[in-house]
Protein chains: 2
Amino acid sequence: MGAKKNYNDILKNRNLKVTKHRYAILESLEKSKLPVSAESLYIELKKKGISISLSTVYRSLEALYKKGIVIKSILPDYNKAVFEYNHNEHRHHMICIKCHKMQPVTGCPLEEYEKLIESKFNFTVKGHNLEVYGYCDGCESKTED
Amino acid sequence: MGAKKNYNDILKNRNLKVTKHRYAILESLEKSKLPVSAESLYIELKKKGISISLSTVYRSLEALYKKGIVIKSILPDYNKAVFEYNHNEHRHHMICIKCHKMQPVTGCPLEEYEKLIESKFNFTVKGHNLEVYGYCDGCESKTED
DNA sequence: TTTGTAATTGGGAATGATTCGCATTTGCAC
DNA sequence: GTGCAAATGCGAATCATTCCCAATTACAAA
Ligand SMILES: [Zn+2]
Ligand SMILES: [Zn+2]
Ligand SMILES: [Zn+2]
Ligand SMILES: [Zn+2]
């Protein structure tokens, strides 16, 4: 939360111009506990009285994603991308099969695994994608077909 | 490869009717080393002389996915779903950021992690999704912007 | 502060993957 | 063999995302 100035630097350091839109997007994402879709972010910004177009939201998110400032993921049952601020405290999510709720889990069990892959195959690891599926607290008792 | 009869049982056990299309899809997926998109599978089946519609390919894959017979995943940079046969030898993939090649890696580093999650949160784990990103053997020397 | 230029944006159209609707066909239990 | 629910074909519809292009803006250099 050394916020304000921070976003400017983050953007500048990655050769992205500082605009009020990007600023607002980062602010919104950083506050959000959970990953959000482009559209829901768009709606949220509108509610805050920010004038922005959906295209811009998509473009900004994509730019931020390419620079590693945000994390993008697409879930096989919820066919759209969701974005979250890349708090560098690496984290993953538990996703409920039933209600689609996502819950963050900090920490990562993959450090050794990545090293293993790098040495075993000739592959330079740059990151990974991990989500755990199952039934959340509330949906526990439900069984599927 | 106790193949032939096998698919029939797999389908029947999950309350899916046995049709030549599903049979062909499973056969194709099981042989494939790498995950394939619905469309490329469709094209492949056509080449084999099988008469099928793209809708059916989508519907069948979705049905097989819901039953756990195939695995579905969507990659954030290649915006479409890919499917692979669920060899129960659990595996994951390394995906090249540059050429999009996917390479399977058998084995899983997440058993303990899942137990941890189940006990720590009140969450019933049913599965997970893991891909490792980076540069493959051939694309090694390439840097991004 | 002013100017020049490339990056960013709006808004709407285009795209492309996936799903849907509905008439027809097929699997399979009885 | 019959009957019915499930599966299919094919085209239309949907929906997220990208693209186009003219107008605006950020910001570096003067
Ligand atoms: Zn739930
Ligand atoms: Zn991790
Ligand atoms: Zn590669
Ligand atoms: Zn695994």
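Glu84(A) forms a salt bridge with Arg91(A), with 4.0 Å between the closest N and O atoms; a salt bridge here is a side-chain nitrogen of Lys or Arg within 4 Å of a carboxyl oxygen of Asp or Glu. Side chains of opposite charge can pair when their charged atoms come close. Across the interface of domain 1 of chain A and domain 2 of chain A, the rule finds 1 salt bridge.

## Basis of the description

The structure is a predicted model, in which local features need pLDDT of at least 70 and side-chain atom pairs count only at pLDDT 80 or more, while totals for chains, interfaces and linings use all residues. Residues are numbered from 1 along each chain as its sequence is written, chains are lettered from A in the order in which they are written, and side-chain values use heavy atoms, with hydrogens and water left out.

## The domains of chain A

An automatic or database domain assignment divides chain A into domain 1 (1–88) and domain 2 (90–145). The C-alpha centres of domain 1 of chain A and domain 2 of chain A are 22 Å apart. Their contact (heavy atoms within 4.5 Å) takes 11 residues from domain 1 of chain A and 11 residues from domain 2 of chain A.

The area buried between the two domains of chain A is about 920 Å², and carbon and sulfur atoms give 55% of this area. Buried area is the accessible area (1.4 Å probe) that two parts lose on being put together, summed over both. Leu34(A), Leu75(A) and Glu84(A) supply 38% of the area that domain 1 of chain A buries against domain 2 of chain A, more than any other three residues.

## A further salt bridge

Over all chains, the count comes to 6 salt bridges. Lys72(A) forms a salt bridge with Glu62(A), and the closest N and O atoms are 3.1 Å apart. This pair joins strand E2 of chain A, which holds Lys72(A), to helix H4 (residues 54–66) of chain A, which holds Glu62(A), across 10 residues. Helices (H or I, at least four residues) and strands (E, at least two) are DSSP runs, numbered from the N terminus.

## Two chains and their axis

A rotation of 180 degrees with 0.0 Å of shift along its axis superposes chain A on chain B, with an RMSD of 0.1 Å. The two copies are therefore related as by a two-fold rotation axis. The superposition is by least squares on the C-alpha atoms of residues with pLDDT of at least 70 in both copies. Of the residues of chain A, Leu130(A) comes closest to the rotation axis, at 2.2 Å (C-alpha).
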